[in-house]
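Here is a short briefing on one strand and on the aromatic pairs of this structure. Have a look at the sequence and the model first, and then read on.

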Amino acid sequence: MTAHEIDYRIYGEEMQYVEIELDPQEGVIAEAGSFMMMDDGIKMETIFGDGSQKDTGVLGKILGAGKRILTGESLFMTAFYNTLIGKRNVSFASPYPGKIIPIDLTQFGGKFICQKDAFLCAAKGVSVGIEFSKKLGRGLFGGEGFIMQKLEGDGMAFVHAGGTMAKKELLAGETLRVDTGCIVGFDQTVNYDIEFVGGIKNTVFGGEGLFFAKLEGPGTVFIQSLPFSRLAGRVLASAPRTGGKSKGEGSILGGLGDLLDGDNRF
């Protein structure tokens, strides 16, 4: 498998986007909805699966699309090709505040495992597949279920981490305990399992769930400070309810205070 060699540049701080530079006939694949902008001469094509070289023939394309259904993604991906002479740029934006992480798959032994919604885009030729958990406990309580995404090949891929990203290099036998939703991805040499928090007070009143993710080295691990599920939960908790009161800033004036301070909702 030989992926296209692409150059890139990441812009921004809290809401980042990645600009991919394509030479003539080079291509990049991306998740639907991540596209931001492109130069004239870039051709967009909707494809089944990931369009990697191993998905050849009708059966291969059907299997490639089927893998994406299991990870909760769309049947289709979008490919962008440079059809003109000279370099052209296409850009993809992060879905919510966080960091875009460039992954050179050659530095990870040709395989990188990530959570199901972390993948953003990759060089044409990179395979976006599924990674089944072989451990029952990890599948039931690991936060990511039995299925994670795996990125395979020898090209560049880009994943997204919510909030601030932490990169940890674990030595052989070294362990790291993480909230199950905070994992972005790790390389194939890392052993991933779950561990019971333990203790009645921790279990009942801790508020951190019943299980930690236990990551054992050697290998590289990427951790996010703000999983999307946590962000969505807090937004939902603060949203006004029909017939109820909105969560304000503590004003005793309530709705009248909203009018006076300019917070006018229709």
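A residue counts as buried under 20% relative accessible area and as exposed over 50%, with partly exposed in between. F35 has a relative accessible area of 37%, so F35 is partly exposed. Please keep in mind that this is a predicted model.

- Strand β6 (residues 76-82) pairs with β3 in the antiparallel sense through 4 bridges, and F80 in β6 is the bridge partner of V28.
- Strand β10 (residues 119-123) also runs antiparallel to β3, joined by 3 bridges, and here C121 stands opposite A30.

**Aromatic pairs**

- The whole structure holds 8 aromatic pairs.
- The F35 and F80 pair is stacked because the ring centres are 5.4 Å apart and the planes meet at 15°.
- This pair links distant parts of the chain, as F35 in strand β4 (residues 35-38) and F80 in strand β6 are 45 residues apart.
- F80 has 1% relative accessibility and therefore counts as buried.
- F112 and F222 form an edge-to-face pair, with 5.9 Å from centre to centre and 65° between the planes.
- F112 in strand β9 (residues 111-114) and F222 in strand β19 (residues 219-224) are 110 residues apart, so to speak from distant parts of the chain, and both F112 and F222 are buried.
- One aromatic cluster is formed by F35, F80 and F92.

Definitions and conventions:
Residues numbered from 1 in each chain as written. Predicted model: local features only at pLDDT ≥ 70, side-chain atom pairs only at ≥ 80, totals over all residues. Heavy atoms only, no water. Pairing = 2+ DSSP bridges. Helix = DSSP H or I, 4+ residues; strand = E, 2+ residues; numbered from the N terminus. Phe/Tyr/Trp six-rings, centres within 6.5 Å; stacked < 30°, edge-to-face > 60°. Buried < 20%, exposed > 50% of the residue type's maximum accessible area, 1.4 Å probe, protein only.
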